[in-house]
Amino acid sequence: MDRTDTALVWFRRDLRLADNPALTAAVNQCARVIPLYIHAPDEAAPWIPGRASNWWLHHSLCALQRELHQAGAKLIIATGPTLERLQHIVRQTGATHLFWNRNYDPTSMSRDRDIKQRLTGQGLSCQSFNANLLSEPASILTGQGTPYKVFGAYWRTVSGQLHQIPPPLPPVRRISSPSKDLPTLSPGDLALLPRIPWDGGFHSVWQTGEQAALERWEQFLLHALPAYDRLRDFPDRDGTSRLSPHLHFGEISPRQLLWGLRQQADQSPATVTHLERIHSQLGWREFAHYILYHSPRSANQSLDRRFEKLAWKADDEQDAELQAWQRGETGIPIVDAGMRELWQTGWMHNRVRMLVASLLTKNLGVHWLQGARWFWDTLVDADLANNSLGWQWSAGCGVDAAPYFRIFNPATQAKRFDPEGRYIKRWLPELTGAGKNVLYSGRLSDEPFDYPLPILDLSRSRRDALQRWERIKRQQRE
DNA sequence: TTCCCCTTTAT
DNA sequence: TAAAGGGGA
């Protein structure tokens, strides 16, 4: 090792010290390491991170700052443009190396490619790593050499290769760093927190940062995994891992999860069904990133192009309905409960996400992008790959999509997955004294609850939607 | 081409 | 019980 080498570690969506290949490589290769975060939200346009996401980022940066401090380094926080900032810090510090972990969304990829090219040209050694996916999207292809289009075949192939995945890297405990002398912004300077304090409900639900992510994972393995297959669909139960925001910001890595599950399987082989279920959840996350990698336009357009011509509602037609949906005032209790959970906590149970998406795109005929944009702004786990795949799946216009004739009936779903209405009443306290009919299907005009009447007729809107979708399906695929 | 298979359902 | 479809080997 050349004792004069100084490395920059450019943190992005990998806000952790454990299983962080870029950080580990920097510490191994260079005498001095400077951890760096560059805030440049505009560079993610048109998907500039939303308000809930920013809330999380603020607290996660604070946590990372603490972790790095304990390891003996100061996190340098700066603002973009990223390339110029990197060049400035390289001059300022005499850095010889730059390390980062790859993102796979199209905007990041093209920016990072450019940065790598420019800085390499200026004599900097740039190295990037895969830290956030189990497999490189480019390497998984069908027998014909084309990208997979359905989850099942894709996951079979990836599953077959999982045994090759190395164990997670141990946390970096000691960083020798000259960064103490460098100027930095504080997370607060990035103005990520709300000016109006709407985040009260967030604090009671979430703990951010690497340590919190690890603790949640431990808790999940201990309590939820043994009944995962049975309870994960019930939104009032703590049956899911709730790791999505931690995963999005890279506070924990899929490799850590994979190896944790592997250990669990050795300890209690009885939990095989549950293990397979949670594995396939990891698989869907993986698949979403894979699809966005191979079909970059899927973030902004229907993958099945016929759907761009579907009779989606025009802006002026949809305003009132979209707003009712966003505010949780559609009069359909399970849907409104979900939308209010989202608003108050920055998160929604996945079963309910499917229901509210089905209602918006199919019953209300509002373009899936409107829903995707709302989720993008309000979810703490907002992730371009997962969000695009989820919405296109729901609308029936993406890869491996839900069949167009599958339109959720919110009443049936509520009855099945929230039979006592506990979830509904928790988020819609105005329905506390309501009977099951009201809880499942909404209020009739002579009932006194301070809750809106349904803004739509479920069965008629269902029939209309089927007709619209059927017309589209009859057109030939391009 | 044929056959198997499909996260998340409807009446 | 049926499946208005379609991907992959």
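Ala191 is exposed, at a relative accessible area of 62%; exposed means over 50%, buried under 20% and partly exposed in between, with a 1.4 Å probe and protein chains only. Ala191 is not a glycine, yet has a positive phi of about 55°. Its place is the loop between α5 (151–161) and α6 (200–205), where helices (H or I, at least four residues) and strands (E, at least two) are DSSP runs numbered from the N terminus.

The model is predicted: local features need pLDDT of at least 70, side-chain atom pairs count only at pLDDT 80 or more, and totals for chains, interfaces and linings use all residues. Residues are numbered from 1 along each chain as its sequence is written, chains are lettered from A and ligands numbered from 1 in the order in which they are written, and side-chain values use heavy atoms, without hydrogens and water.

Asp400 also has a positive phi, of about 45°, without being a glycine. Asp400 lies in the loop between α16 (384–395) and α17 (410–417) and is partly exposed, at 29% relative accessibility.

| Cis bond | Omega |
|---|---|
| Ala45 to Pro46 | near 5° |
| Gly80 to Pro81 | about 5° |

Pro46 is in the loop between β2 (32–39) and α2 (51–70), and Pro81 is in the loop between β3 (76–79) and α3 (82–93).

The domain assignment, automatic or from a database, divides chain A into domain 1 (6–131), domain 2 (133–168 + 210–294) and domain 3 (307–477). The C-alpha centres of domains 1 and 3 are 38 Å apart. Their contact (heavy atoms within 4.5 Å) takes 10 residues from domain 1 and 9 residues from domain 3.

A nonpolar core is a set of buried Ala, Val, Leu, Ile, Met, Phe, Trp, Tyr and Cys residues joined through side-chain atoms within 4.5 Å. The largest has 75 residues, and Trp325, Phe375 and Leu431 have the most contacts inside it. Helix α14 (residues 350–363) gives the most to this core, with 7 residues. Domain 2 and domain 3 both contribute residues, so the core lies between them. A second, separate core has 34 residues, including Val9, Phe11, Leu75 and Trp347.

Helices α7 (residues 210–224) and α10 (residues 254–267) pack with their axes 11 Å apart, at an angle of about 30°. The contact involves Leu214, Trp217 and Leu221 of α7 and, from α10, Gln256, Leu257, Gly260, Leu261 and Gln264.

Key
Axes are lines fitted to C-alpha atoms, for helices over the stretch in contact, and angles run from 0 to 180 degrees between N-to-C directions.
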